[in-house]
Amino acid sequence: MDLATEMEMMMSTELEVQRINERDLDPIPMALGYRPKLEWNSEVREYLSNAYGHLHFNKICDALTRPPLYSCIRVNTNQTSIEEVIKELSELLSKGHNDQLDNCGSGMDRKGCHLLAGKDLVHALFPTKVQSLVVSCDKVLGAEPEKCQAKYISDAFQGCDLSEQPKCLQQTLKDVIMVQGVGPNDVDYGHVTNCPPKMVVVSRKCAESVLRGAHVFVPGVLACSGHVERGDLVAVSVAVEKFDGNRKWSAGITRGTILSSEHAKSQLGGLLESGWFIGKGRALLSRSSMFKASKGVAVEMIERVYELPAFHGLLEGKIFLQNLPSIVTARVLDPHPGERILDMCAAPGGKTTAIAVLMQDKGEVVALDRTHNKVLDILNLAAEMRLTCIKAYKLDALKCLLSDRPAVISPHLHGESLGQDTANQPCISEALSEKSLFSGAELSSKQSYLMTQALDCFKKTVGGGHTYRSKALERKEARKAKNGPGRGQTNGGRAVNAMGFVPKTFDRVLLDAPCSALGLRPRLFAGEETLEGLRRHGAYQRKLFDQAVQLVRPGGVLVYSTCTINPGENEALVRYALDTYNFLSLTPQDPKIGGPGLVGGSDVFDGHGFRCWLRKGEEHLVQRFDPSGPLDTIGFFIAKFKVEHV
Ligand SMILES: C[S@@+](CC[C@H](N)C(=O)[O-])C[C@H]1O[C@@H](n2cnc3c(N)ncnc32)[C@H](O)[C@@H]1O
């Protein structure tokens, strides 16, 4: 044995002794597991508990801490067919492609994967309406009938409102594939009683991603056991906010904490008993590197308490991972080829692209977002899915109506672009030139596509190629010349600003409103939301709605949706809409697979105009997706209005 090897052996023996001593010093009863408890602001808890009833609310809380047990893939039928995608996914699932799936964090190679599509999917979802589940299971790729995961889904769907025929569902779900996940799993952390395993503690946001199928990335790591080396197996736990001594929510752990250090021992004890273990993984970096590095995967997950296939980067442009209620929302809007549609709060563009596909890419989908980079996200997604009918603009949807601000429109522009036949084109405030749109000398095909799209839109809007340069733009360009390109210029694109739209000019408007997002799953903490915050969300949504309603043509349709369980942002908005605008009425939705809305109201927001929800008879005209319900979806709400201006 040479000296170096001998030294290495001695050091590793010393290290082992040190580890055992550390453990012996601090014997702790082991009960590693996932037993989450969702914390709320006490007033919000009371309000929601009253709205739903105590038992129901507890079920909702429990459901929120889990991810839905299937991933929903919407197929871009503009580019490919469902059969083609099933074939490609099956090939990826076969042995030769495990690495690719593994890289995207799917975990499918280990757990097996079951694809459900078309009739089979509807059959599996609604077994009471369809005779033979086993027959459909036979067709589920890779599934043995007796072990069929579809059975699980079918059990879960027992008892949901099936008053609608599966036919309409078949229509809705005909471009959807569901991939079944598994959980909760009993993860074996490989530790023995009183000996904690090596651990990595991650932030709540990081843990929520891990539960959706991701690995642990460096910025998400908060704390780590002392001797974690690259390649070690680690138990992954999450630090969730608790009320601290100052009556503030705090995770109680700062990034860089070493768990075996003296001052962290009590934290370690708390973590071990917390019931917040989300799985185990292999460290790809040593403890010190995890805190030195600024990006990259820190822990590759091997086993999670919930295994959900993730499809990041797979079949790009052909598939889009989307929650079932979002897919339903686009269907409920019912866009037709050739129509002009407005998606008011559109980024990242999930519903925008669903709408464009339903329109067979014919007509116009105007997609707005107030954030520059988010508009680029929409454009990127549209380019990736090769949907040319989507025009995305940066605009604050609170200032959507052109008639609100006639003073800011350049007379030159107004005269040339807002004539009769282009009345519903947006007024673009920043002129585009080929040079200013992309900074790179060579354009990728995606950039060329985006540029063509933006220029095309610009030309249409400003007619004979005249350019309008706002003072703000000139100032911005002068600043840029001094400082170089700023944030948001990294991919070389620039979003086009729109000034607004002429009232009553869209066939259909979707307002997928920014909201408290209290329906998103998995959610491991809800304490940051206050009653005042909920009230502000409601007030904001009303202002957006006031704009939306003006933009729909007489006889047109307005769909309002949120991903929150807060009735103050859902039913109360509907009440406001119906009481404020006598030309609005609720109209039936197709498909309708969610449950009814809430009738009644709440005293909590008395004096703020959020007190009243739906009246009897209105509840079946909206659909509400209950996270604790049999469909196992995120919490979501959809209302559809018919607009009959006088
Ligand atoms: C619920 S998300 C929309 C999700 C999107 N519809 C989809 O399905 O992919 C709400 C979006 O509204 C945007 N937003 C918030 N306030 C806005 C405003 N005043 N004008 C335009 N967009 C706004 C946010 O930037 C956010 O991207």
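Before the first stop, a word on helix geometry: axes are lines fitted to C-alpha atoms, for helices over the stretch in contact, and angles run from 0 to 180 degrees between N-to-C directions. Helices (H or I, at least four residues) and strands (E, at least two) are DSSP runs, numbered from the N terminus. What you have open is a predicted model, in which local features need pLDDT of at least 70 and side-chain atom pairs count only at pLDDT 80 or more, while totals for chains, interfaces and linings use all residues. Residues are numbered from 1 along each chain as its sequence is written.

**Stop 1: α14 and α15**

Select residues 324–333, which are helix α14, together with α15; the two pack at an angle of about 45°, their axes 9 Å apart. That angle makes α14 oblique to α15 (under 35 degrees counts as roughly parallel, over 145 as roughly antiparallel, 65 to 115 as roughly perpendicular and the rest as oblique). Show the side chains of Ser326, Ile327, Thr329, Ala330 and Leu333 on α14, and of Gly350, Lys351, Ala354, Ile355 and Leu358 on α15, to see the contact (C-beta atoms, placed from the backbone, within 7 Å). This contact has six nonpolar, three polar and one charged residues. In that count, Ala, Val, Leu, Ile, Met, Phe, Trp, Tyr, Cys and Pro are nonpolar, Asp, Glu, Lys and Arg charged, and the others, Gly among them, polar.

**Stop 2: the ligand**

Now pick the ligand and display its surroundings: 18 residues, of which Cys345, Gly350, Arg370, Ala397 and Asp512 are the closest (a residue is near if its C-beta atom, placed from the backbone, lies within 6 Å). Both α15 (350–358) and β15 (364–369) supply at least two residues of this shell. Colour the shell by class and you will find eight nonpolar, four polar and six charged residues.

**Stop 3: loops on either side of α15**

Step back to the loop between β14 (340–343) and α15, where proline 348 sits. The peptide bond leading from alanine 347 to proline 348 is cis, with omega near 5°. Beyond α15, in the loop to β15, find aspartate 361. Aspartate 361 is a residue other than glycine with a positive phi, near 60°. Most residues other than glycine have a negative phi, and most peptide bonds are trans.

For another cis bond, go to arginine 521 and proline 522, where omega is about -5°. Proline 522 belongs to the loop between β18 (506–512) and α21 (531–551).

**Stop 4: the open sheet**

Select seven strands in the order β5-β12-β11-β7-β4-β6-β10, an open sheet with mixed pairing (strands pair if DSSP finds at least two bridges between them). β5 (216–217) and β10 (257–258) stand at the edges with a single partner each, so one side of each is left without a neighbour in the sheet.

**Stop 5: α21 and α22**

Finish with α21 and helix α22 (residues 571–580), whose axes come within 10 Å and cross at roughly 40°. These helices are therefore oblique to each other. Gly538, Gln541, Arg542 and Phe545 of α21 meet Ala572, Leu573, Tyr576 and Ala577 of α22. By class, five are nonpolar, two polar and one charged.

Key:
Two residues are in contact if their C-beta atoms, placed from the backbone, lie within 7 Å.
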